[in-house]
Amino acid sequence: PTRWSELQGAMGPFLAESGKLVRFGLTTYPAPPPSTGTVTPAQLCAPAASLEDGSVRALIPKDLDSDEALQDYANEVNAELQAIPNGGVGRPQGGTPTSASLQFASTLLTPNSEDRDQIIILLTDGLPNCNDKNEYDGTSADCRCTLETLSQCTDSFSPYFKRGCLDKNASVTAVSALKASKISTIVIGFGAETSAGDGPSVLNEMARAGGFARTCKASIDCGTGDTCDVGTGFCGRSFYQAGNREELAAALKSISEAIQPGEPCFTPLEQSQLPSDEKLIVVYIDGERTLAGPDTWSLESGGVRFTGSACAKLEASRPEDPVSVEVRAIRQL
């Protein structure tokens, strides 16, 4: 298995489960290099830049609305993803030209759309680099060389004199520009390179600029080994991180749950808000205490699920005839 095959294994179920919720598209970067001849450093660093360079594997459909049509298209997107070979000609290779690829991705969307949420899921296994217009070069103390061989960055005759330097600032700026155009960015780091060294600080800034950072009310919401900054409401690791197929699938599941439209019959609770015992939760509907049961509500891992006549009452609510729901839970430490 490689990072690519692990990614393919996780994305299949994600697209199958979320296909009805989203008009999916797929763009990969760097742009696929030529299949024959010698591949140059510039080609290995080429960002996604056009509809003709092979980067856009599936355009976002603008006219699909039915569940069946959306799911069929998500299946097509998955087929395109699974068809990218794990080795040999056409395999993923090259650098990580993130900033320019994000700028191109914005042209595939509709800036400042009021009709629907627009989201880029940025899944990267490396730190942003490959910017031949990087403000830093190998002679600058601010150049953080992303390559294994430092001389590739410091040699002024090297094609990676600028391309090899960390492209943090331009990448954060690109995400911020997307957000200013009402396009959110969800950042997922995949593999060791994004979880250590400069990885966390770079991806954290991108995640927070993208408007879809991991939020929390207490450290328990952030998972094992992470903490919550209660002042900002962000987890210490604000981006999603995965090291294998299972962890990536879990991250994608969390994202799927986050992008789903609100359900009138489900009240989500953060991990820190869940009761430490099922007996330590009380639910009020229109001010009246309501006991759990098949016709009222039940406690699930992520919140309170309303069923039967209670759910029907919530679904029938309107702004002029609202239904009040109050959930009180105690968590004993």
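Let's start at M11. Set aside its neighbours within four places in sequence, and M11 is in contact with N78, L81, L123 and L252. Keep in mind that this is a predicted model.

Now the core. M11 is among the residues with the most contacts inside the largest nonpolar core, together with L7, V77, L248 and L252. That core has 26 residues. Which elements give two or more residues to it? Helix 1, at 3-18, helix 3, at 67-82, and strand 4, at 183-190, plus strand 7 and helix 8. Helix 1 provides the largest share, six residues. As a general point, nonpolar side chains in soluble globular proteins tend to be buried together.

Next, aromatics. The count is one aromatic pair. F14 and F24 form it, edge-to-face. The centres are 5.8 Å apart, and the planes are at 75°. Where do the two partners sit? F14 is in helix 1, while F24 is in the loop between helix 1 and strand 1, the strand at 26-27. They are 10 residues apart, and the pair links distant parts of the chain. Buried or exposed, F14? Buried, because its relative accessibility is 4%, and the cut-off for buried is under 20%. F24 has a relative accessible area of 10%, so F24 is buried as well.

On to the second largest pocket. About 1,300 Å³ of space lies in it. The lining has 33 residues. Closest to the centre are S254, E257, A258, L269 and E270. Three elements come up here: strand 7 at 240-242, helix 8 at 245-259 and strand 8 at 266-268 each give two or more residues to the lining. Helix 8 gives the largest share, seven residues. What is the make-up of that lining? It divides into 13 nonpolar, 10 polar and 10 charged residues.

Last, the whole chain. The protein chain has nine helices and 13 strands. Its C-alpha atoms fill a box of roughly 75 × 45 × 40 Å along the principal axes. Of its 333 residues, 40% count as buried. What about contacts along the sequence? Take those with a separation of 6 or more: 70% of them are between residues 24 or more positions apart.

Note on methods: Residues numbered from 1 in each chain as written. Predicted model: local features only at pLDDT ≥ 70, side-chain atom pairs only at ≥ 80, totals over all residues. Heavy atoms only, no water. 1 Å grid on protein atoms, 1.4 Å probe; cavity = no way out; pocket = protein on both sides within 12 Å on 5 of 7 lines; lining within 4 Å. Points joined across faces, edges and corners; volume = space filled by probe spheres on them. Helix = DSSP H or I, 4+ residues; strand = E, 2+ residues; numbered from the N terminus. Nonpolar A, V, L, I, M, F, W, Y, C, P; charged D, E, K, R; others polar. Core = buried A, V, L, I, M, F, W, Y, C linked by side-chain atoms within 4.5 Å. Buried < 20%, exposed > 50% of the residue type's maximum accessible area, 1.4 Å probe, protein only. Contact = heavy atoms within 4.5 Å. Phe/Tyr/Trp six-rings, centres within 6.5 Å; stacked < 30°, edge-to-face > 60°.
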